[in-house]
Amino acid sequence: MEYVTLGTTDITVNKNGFGALPIQRISKEEAARLLKRAYEKGIRFFDTARFYTDSEEKIGYALKDVREHIYIASKTMCTKTEDFWNHLHTSLKELQTDYLDLYQFHNPAVCPKPNDGSGLYEAMLEAKEKGLIHHIGITNHRLAVAKEAIESGLYETLQFPFSYLSTNKELELVKLCKEHNMGFIAMKALSGGLITNSAAAYAYLAQFDNVLPIWGVQKESELEEFLSYIDTPPILDEELTAIIVKDQSELGGDFCRGCGYCLPCPKGIDIPTCARMSLLIRRAPLSVYLNDEHQGKMAKIKECIHCDHCKKHCPYGLNTPSLLIANLTDYETFIN
Ligand code: SF4
Ligand code: SF4
């Protein structure tokens, strides 16, 4: 079993965190089965967010009896202190607990700091003094905000997208976190579904001793894969290295990560799916992406009014409207 300690926190867990975003999409009982199975087989870190609709409620329902044996991280997207307290109290109520092990600012556009006029960081400190939260973290998709947060010395953890498809810039963040003794929580370790070999994803991230991957789990089969890695962690051998090298050459560079930060689109275009369609149809079972539902989604691209909302909000600097059109052209050619 491989363990990681998140920076200066007391959070030491095996390298399989449970990402609780996808459990929003399944029923309460199905989610409870997954969460309980995860706990029984050794997962101890559960990451959720106030923004993930009923994810917190499902965790509270499933794991309240083992609360003191697990670590729960949640997040707030608040921009005002009033919302901070509302979010925190709601999270505690939904999770059926009186403390969070880690509370994170959820992808803020700027890094909250003391005396910045927002009062948000002061609210975090007050919540910590009151024992409502044990540690303070931040999540982000923007390199500049992440770097500022690390260098500020104000945060104990950073959560950022990181996988073997990441660039040297993300690698620098991981290194910087280590230098600042900060925990690094890796989200999107399967790069939003583009990485299909979870053993390769695991083995790559296992090289970094300060990194805790959280795996977004929605199905039992996905969970079982990660559970098997607790006792038998995949090793970065020649075979897995070859898979990584092949994927990096095929997928490296400017591609849509499916993060959804460009939403909402005023025309209702499902950008995180449509902007990756060329990759998805070549990497996933075809029947999924060629069905009527997806053909309808792709056809909607033609309704784009080029307002550039998506382009302005893409943390990876993608020219999203152009990318959508390129994906539509390719998709239509593919179908024909
Ligand atoms: S540019 Fe097109 S795809 Fe992007 S948000 Fe506007 S309408 Fe939607
Ligand atoms: S276009 Fe950019 S913001 Fe939108 S889903 Fe893709 S990577 Fe994320």
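Guide: Helices (H or I, at least four residues) and strands (E, at least two) are DSSP runs, numbered from the N terminus. On that basis the span 19-197 is 38% helix and 16% strand, and its end C-alpha atoms lie 18 Å apart. The chain has 15 helices and ten strands. This is a predicted model, in which local features need pLDDT of at least 70 and side-chain atom pairs count only at pLDDT 80 or more, while totals for chains, interfaces and linings use all residues. Residues are numbered from 1 along each chain as its sequence is written, with chains lettered from A and ligands numbered from 1 in the order in which they are written.

Visitor: What is the record's name for residues 19-197?
Guide: UniProt, in an unreviewed entry, gives "domain: NADP-dependent oxidoreductase" there. UniProt positions follow the numbering used here, feature names are shortened, and annotations may be inferred rather than shown by experiment.

Visitor: Why does the radius of gyration agree with a compact globule?
Guide: The radius is taken over C-alpha atoms, and the globule rule is 2.2 Å times the number of residues to the power 0.38. For 336 residues the rule gives a value near 20 Å, and the chain has 20 Å, so the two agree. The C-alpha trace spans about 60 × 45 × 40 Å along its principal axes.

Visitor: Why is helix H2 called largely enclosed?
Guide: A residue is buried if 20 or more other C-beta atoms, placed from the backbone, lie within 10 Å of its own, exposed if 12 or fewer, and partly exposed in between. Eight of the nine residues of H2 (55-63) are buried, so the helix is largely enclosed by the rest of the structure. Among them are Glu56, Lys58 and Leu63. In the chain, 43% of the residues count as buried.

Visitor: What covers the buried residues of H2?
Guide: Contact requires C-beta atoms within 7 Å. The cover includes helix H1 (28-40), strand E4 (45-47), strand E5 (71-76) and helix H3 (81-94).

Visitor: Which residues are closest to ligand 1?
Guide: A residue is near a molecule if its C-beta atom lies within 6 Å of it. By that test 15 residues surround ligand 1, the closest being Cys265, Cys304, Cys307, His309 and Cys310. Helices H14 (309-313) and H15 (320-335) each give two or more residues to this shell, and H15 gives the largest share, three.

Visitor: Which residues come nearest to ligand 2?
Guide: Of the 15 around ligand 2, these are Cys256, Cys259, Cys262, Pro272 and Cys314.

Notes. Two residues are in contact if their C-beta atoms, placed from the backbone, lie within 7 Å.
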